[in-house]
Amino acid sequence: MAAQMPFAGLMCVHGLARISTYSPRLIRHRGTLVKLNKSRREIRTFSTGSVKCNEKEKEDSESSPLSTNLTARQALSKRRRPLSPLERISSLLPQDALSPEVMQLREQSQQEPGEDADMQVSVTDCTQEEGGGKEMPVKEDLETHLTCDAAAESVPLATLPGESLLAFGELLVAEYRKRRAEFKKMFQLQAGTRLESSWGIILHDSIAGQPAGQFLKTGRGVPIFIRRASLEDYVLFMKRGPAIAYPKDAATMLMMMDVTEGDCVLESGSGSGAMSLFLSRAVGSKGRVLSVEVREDHHRRAVLNYKRWRTSWSLRRGEEWPDNVQFENTDLSTASSLLAHQGFNAVALDLISPQLVLPTVIPHLHHGGVCAVYLANITQVIDLLEGLRCLALPLLCERIIEVPIREWLVAPARQKDGHYCTRKVPILHKDQEGEEQEMSDETEEELTTGARPAFGSIPYIARPHPEQLSHSAFLVKLRKYV
């Protein structure tokens, strides 16, 4: 026992000396071990450009056999993959018992990981040559990729010079047409709101920032056409008190009066403000429109519609609509002081009894100018002409017209199953029957496969639209003479 105790003490001292000898070496390579452990948890991203390794760390790795062993072990751990059922069973059986097919599959499975391992390049503590590469975990890389994809989807389409994207506050029109089902609605684009219809909803936030004139799908997958509202759309869908002057009649009246930029026009009967807007656009920023309305509620409605259109226009074009309409709430037949020292290039009247205001208006109309009168029924036309005869005013009745519009439906002829009808070609000779039959078979094959038929091979059906605009008004053109 006495002999064994010194020997045991000697071995303990030898072990302590050995640990003390290798401890500086372990401390020196502690940084390398930390980096190797960290590299196991992270996947580094590399650019397609060339990469270079840090020379100092390369010398440390070459001088350290421990680091070399760990790197090799790490590479082997990356190459390992779970065995397939075929590999598990074939590894238990003797090689002589395996069929040639199993041996071939086994060789292919053994070659695949080798090829993958050759393709994977393990570069530790490397930096990119350009810009200094940065380590990124897999999660951060995935989030960055998704963010880039979302940004790419949110980027609006390229616009032409002078074209702007849809912004909140603009007036838009949503349309959907399929056979006899029609949907058309004017709305103002607002944040946090949604467009509702029988075919689903569309969020206003998804419309903003998009170019105008495109199809957007609802929650039910129905494509709705979204575009900016024109002045014609606005006067037809805006809030109204009395009946409006329809665009077809307003356009004809503008042609009758020959209104151009810079003219001064008098309007009596503002109504809902439809004719006031058309006159405002016709005279431009250099012209002026005086609109008179006897009823206070109609006057208030006309002013609100006019301001709303101007606000939407400024958001759409980036410039203001000309503020060239002066609205007055008064009776024109007794408002001679309002017209004092004023001259007008044209006059537009939309009144029940226009002959009552003619003695006040005509003296302020330029010689040769036109007074266009909007009347709802033929009885009013007769009363106007009778008033002109009794008043002996210097006016000539040049025209009394009605402006009808007849809409048509023109579309390719389709069968009940949705396929296009084929145009029947008359056969002149019996020899051509076989050729015509082959051509018709080819056409039917194209139609069933979804290909576009050739030009002129489909008949069209044209018929008047079942919903026609009924009578709106009679237009009377009066011209002042000397």
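Buried here means under 20% relative accessible area, exposed means over 50%, and partly exposed lies in between (1.4 Å probe, protein chains only). This is a predicted model, in which local features need pLDDT of at least 70 and side-chain atom pairs count only at pLDDT 80 or more, while totals for chains, interfaces and linings use all residues. Residues are numbered from 1 along each chain as its sequence is written, and side-chain values use heavy atoms, with hydrogens and water left out.

**Whole chain**

Start with the protein chain in cartoon view. It holds 15 helices and 17 strands. Both are DSSP runs numbered from the N terminus: helices are H or I with at least four residues, strands are E with at least two. Of the 482 residues, 31% count as buried. The accessible surface comes to about 31700 Å², and 55% of that belongs to carbon and sulfur atoms. Areas come from the Shrake-Rupley method with a 1.4 Å probe; for residues, only the protein chains shown count as cover. Contact means heavy atoms within 4.5 Å. Among contacts between residues at least 6 apart in sequence, 67% join residues at least 24 apart.

**Helix α14**

Select residues 378-391, which make up helix α14. The helix has 14 residues and reaches 20 Å from its first C-alpha to its last, close to the 20 Å expected at 1.5 Å a residue. The expected span is 1.5 Å times one less than the number of residues. Now show side chains. Which residues of α14 are buried? They are Q380, V381, L384, G387 and L388. Look down the axis of α14: its buried residues fall within an arc of 125 degrees, so they line one face of the helix. The arc is that of the directions from the helix axis to the C-beta atoms. Turn to the face away from the buried side for the exposed residues I382, R389 and C390. The buried residues of α14 pack against α13 (358-361), β13 (365-375), β14 (395-402) and β17 (474-480).

**Helix α10**

Next, select residues 247-257. This is α10, a mostly covered helix with nine of its eleven residues buried. The buried ones are P247, K248, D249, A250, T252, M253, L254, M256 and M257. The cover includes α9 (231-237), α11 (274-283), β12 (344-349), β13, β14 and β17. A salt bridge is a side-chain nitrogen of Lys or Arg within 4 Å of a carboxyl oxygen of Asp or Glu. Both K248 and D249 are buried. Step off the other end: just after α10, D258 takes a positive phi of about 55 degrees.

**L236 in α9**

Pick L236, found in helix α9. At 32% relative accessibility, L236 is partly exposed. Not counting residues up to four places away in sequence, L236 touches I244, Y246 and P247. Draw a C-alpha to C-alpha distance from L236 to A274. It reads 8.5 Å, across 38 residues of sequence.

**S268 in β9**

Go on to residues 264-268, strand β9, where S268 is found. S268 is buried, with a relative accessible area of 4%. Show its contacts, leaving aside neighbours within four places in sequence: V292, L332, A348, L349, D350 and L351.

**Salt bridges**

Color the charged side chains. Side chains of opposite charge can pair when their charged atoms come close. How many salt bridges are there? The count comes to 14. Select E175, R177, K184, R227 and D233 together: salt bridges link them in a network. Within it, R177 pairs with E175, the closest N and O atoms being 3.8 Å apart. R177 is exposed at 60% relative accessible area, whereas E175 is buried at 13%. Move to R194 and E196, whose side chains meet at 3.1 Å, N to O. R194 is partly exposed, at 44%. E196 is partly exposed too, with a relative accessible area of 44%.

**Surface patch**

Finish with the surface on. Select W408, V410 and Y460, a nonpolar patch with about 380 Å² of accessible area together. Patches are made of residues with over 30% relative accessible area and no salt bridge; like charges are joined within 9 Å, and nonpolar side chains (Val, Leu, Ile, Met, Phe, Trp, Tyr) within 5 Å. W408 lies in strand β15, residues 408-412. W408 counts as partly exposed, at 47% relative accessibility.
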